[in-house]
Amino acid sequence: MDKKTSELLNEQINKEFYSAYLYLEFANYFEKRGLAGFAHWYEVQAQEERDHALLFYRYLLNNDEPVTLGAIAAPESGFSSDEEVLKAGLKHEKYVTSLIDNIYAAAYANKDFRTMQFLDWFVKEQGEEEKNASDLITRYALFGSDAKGLYMLDSELKARAYSAPSLTL
Ligand code: FEO
């Protein structure tokens with residue numbers, strides 16, 4: 001594998017664990033707010049991000065590439081409103097999309113079709129994650145300012161079930 005592609009895949013392990021950490025911080029924020037459904041939704045999201053990290057880790061190992069695990073940065077915190085958290089989620093997912101696209105570009109430049117195929121799942125996943133984050137912002141804007149609406153939205157988010165990624169290696 002090309003060195004740059006391998007390095008970017010390594011960095012992505014760290015970025016995905018950071019994402020898990022960030023969403024855990026979001027859950028922490030909502031738990032303190034008394035919105036257990038939002039907190040649960042982000043805890044499930046954190047689990048998904050951990051799974052993403054493990055997929056990059058496993059992909060490198062399966063291809064005999066070195067794995068280097070670095071320090072995970074402290075997540076952004078100190079949010080002052082629900083909307084700020086939700087918007088930070090969408091901003092973060094757009095950033096992750098740019099990271100995936102960047103790895104894809106490196107693989108493409110080196111005709112690394114195997115890595116491109118591996119990344120295809122993440123390209124699609126990022127589309128879904130951006131939509132989920134954007135939908136949450138829209139729905140909060142519609143229902144969040146009304147106590148009953150917020151209660152119903154929180155109850156709905158509480159029902160999110162964790163499911164393992166459909167990509168297996
Ligand atoms: Fe692993 Fe939310 O991207």
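Student: Is Glu-48 buried or exposed?

Tutor: First, some ground rules: this is a predicted model, where local features need pLDDT of at least 70, side-chain atom pairs count only at pLDDT 80 or more, and totals for chains, interfaces and linings use all residues. Residues are numbered from 1 along each chain as its sequence is written, and side-chain values use heavy atoms, with hydrogens and water left out. Now, buried means under 20% relative accessible area, exposed over 50%, and partly exposed in between (1.4 Å probe, protein chains only). Glu-48 comes in at 14% relative accessibility, so the word for Glu-48 is buried.

Student: How many salt bridges does a search of the whole structure find?

Tutor: One of them joins Arg-33 and Asp-82, at 2.7 Å from N to O. Arg-33 belongs to helix α1 (residues 3–33) and Asp-82 to helix α3, so this pair ties together parts 49 residues apart in sequence. Another pairs Asp-135 with Lys-131, with the closest N and O atoms 2.6 Å apart. Searching the whole structure, the total is seven.

Student: Which helix gives the largest share of the lining of the largest pocket?

Tutor: On a 1 Å grid over the protein atoms alone, a pocket is an open set of points with protein on both sides within 12 Å along at least five of seven lines, and lining residues have an atom within 4 Å of a point. The largest pocket is lined by 19 residues, with Trp-41, Gln-45, Glu-48, Asn-132 and Arg-160 nearest its centre. Both α2 and α4 supply at least two lining residues each. The largest share, eight residues, is from α4.

Student: And what is the volume of the largest cavity?

Tutor: A cavity is a set of grid points where a 1.4 Å probe fits but cannot get out. Points are joined across faces, edges and corners, and a volume is the space filled by probe spheres set on them. Among the residues lining the largest cavity are Tyr-23, Trp-41, Leu-86 and Asn-132, and α4 gives the largest share, four residues. The volume is about 80 Å³.

Student: Where is Asp-64, the residue with phi near 60°?

Tutor: Most residues other than glycine have a negative phi. Asp-64 has a positive value without being a glycine, and at 72% relative accessible area Asp-64 is exposed. Its place is the loop between α2 (36–62) and α3 (82–109).

Student: Which other loop holds a residue with a positive phi, Lys-111?

Tutor: Lys-111 has a phi of about 50° although it is not a glycine. With 62% relative accessible area, Lys-111 is exposed. Its loop is the one between α3 and α4 (113–143).

Technical notes
A salt bridge is a side-chain nitrogen of Lys or Arg within 4 Å of a carboxyl oxygen of Asp or Glu.
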